[in-house]
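Please look over the sequence and the model shown here, and then read the report that follows.

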Amino acid sequence: MAEHHFHLTAQWKGGLFGEGQISVGNLVSAVSVPPEMNGPGIGTNPDEMLVGAAATCYLITLAAVLENRGIIPVDITLESEGIVTVEGNKPRFDKIIHRPAIVLENDATEEQLHTVAVLAERAEKACMISKAIHGNVEVTVEANVMVKV
């Protein structure tokens, strides 16, 4: 069994509304509380990073699932949205919605379009990050599968 280790270093100055910096792999970024939560909005924040982790994992998993079925799309674009609710002063990350737009060659059949839509849902369930947050954050897929024009 292989193990992969990922290491992050971080530094922080100030209280809750201070700012810091993280470094992990090729990512180096300032971090702070987002302006939506009355923070300074410097760099990125944990909410954006969770959406980013879920989105990139989903996108890569989707490409792999399609390739495993012999389907290589012309293009895949993805918009992902994270929804955080705040009750009193307690924030809770509730939901992530992935909205992939998957473009197939213009000779794709209706059956192929349907198969890709099904695989787009399946990819979310196979994604390692989705599995890690399962039971805590709802993750849904709203796929748009189309042919190249």
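The model is predicted, so local features are taken at pLDDT of at least 70 and side-chain atom pairs only at pLDDT 80 or more, while totals for chains, interfaces and linings use all residues. Residues are numbered from 1 along each chain as its sequence is written, and side-chain values rest on heavy atoms, with hydrogens and water left out.

**The sheet.** Three strands, in the order S1-S2-S3, form an open sheet whose pairing is antiparallel. Strand S1 (8-13) and S3 stand at its edges, each with a single partner strand, so one side of each is left without a neighbour in the sheet. Direction ignored, neighbouring strands of this sheet are turned by 10 degrees against each other on average, where axes are lines fitted to C-alpha atoms (for helices over the stretch in contact) and angles run from 0 to 180 degrees between N-to-C directions. Strands of a sheet pair through backbone hydrogen bonds, either parallel or antiparallel.

S1 and S2 pair in the antiparallel sense over six bridges, whereas strand S2 (residues 19-24) and S3 pair in that sense over five bridges; two strands are said to pair if DSSP finds at least two bridges between them. Strands (E, at least two residues) and helices (H or I, at least four) are DSSP runs, numbered from the N terminus. S1 and S2 form a hairpin with five residues between them, and Gly 14 in the turn has a positive phi of about 100 degrees. The hairpin of S2 and S3 has two residues between the strands, and there Gly 25 takes a positive phi near 55 degrees. Bridge partners within the sheet are set out below.

| Residue | Bridge partner | Strand of the partner |
|---|---|---|
| Leu 8 | Val 24 | S2 |
| Ala 10 | Ile 22 | S2 |
| Gln 21 | Ala 30 | S3 |
| Val 24 | Leu 27 | S3 |

**Ser 29 and Thr 44.** Ser 29 has its place in strand S3 (residues 27-31), and at 14% relative accessibility Ser 29 counts as buried. Leaving aside neighbours within four places in sequence, Ser 29 is in contact (heavy atoms within 4.5 Å) with Gly 20, Gln 21, Ile 22, Gly 43 and Thr 44. Of these residues, Gly 43 is 14 residues from Ser 29 in sequence and 6.1 Å from it in space, C-alpha to C-alpha.

Thr 44 is placed in the loop between S3 and helix H1 (46-68), and at 15% relative accessibility Thr 44 also counts as buried. Not counting residues up to four places away in sequence, Thr 44 touches Ser 29, Ala 30, Val 31, Ser 32 and Met 49.

**The largest pocket.** About 340 Å³ of space lies in the largest pocket, the volume being the space filled by probe spheres set on grid points that are joined across faces, edges and corners. On a 1 Å grid over the protein atoms alone, a pocket is an open set of points where a 1.4 Å probe fits, with protein on both sides within 12 Å along at least five of seven lines, and lining residues have an atom within 4 Å of a point. The lining consists of Phe 6, His 7, Leu 8, Val 24, Met 49, Leu 50, Ala 53, Thr 56, Cys 57, Met 128 and Ile 129. H1 and helix H3 (128-133) are the elements that give two or more residues to this lining, and H1 gives the most, with five residues. By class, the lining has nine nonpolar, two polar and no charged residues, where Ala, Val, Leu, Ile, Met, Phe, Trp, Tyr, Cys and Pro count as nonpolar, Asp, Glu, Lys and Arg as charged, and the others, Gly among them, as polar.

**The whole protein.** The protein has three helices and seven strands, which follow the pattern β-β-β-α-β-β-α-α-β-β when read along the sequence. Its C-alpha trace spans about 60 × 40 × 30 Å along the principal axes, and buried residues make up 31% of the 149 residues. Among contacts between residues at least 6 apart in sequence, 49% join residues at least 24 apart.

Terms used
Buried < 20%, exposed > 50% of the residue type's maximum accessible area, 1.4 Å probe, protein only.
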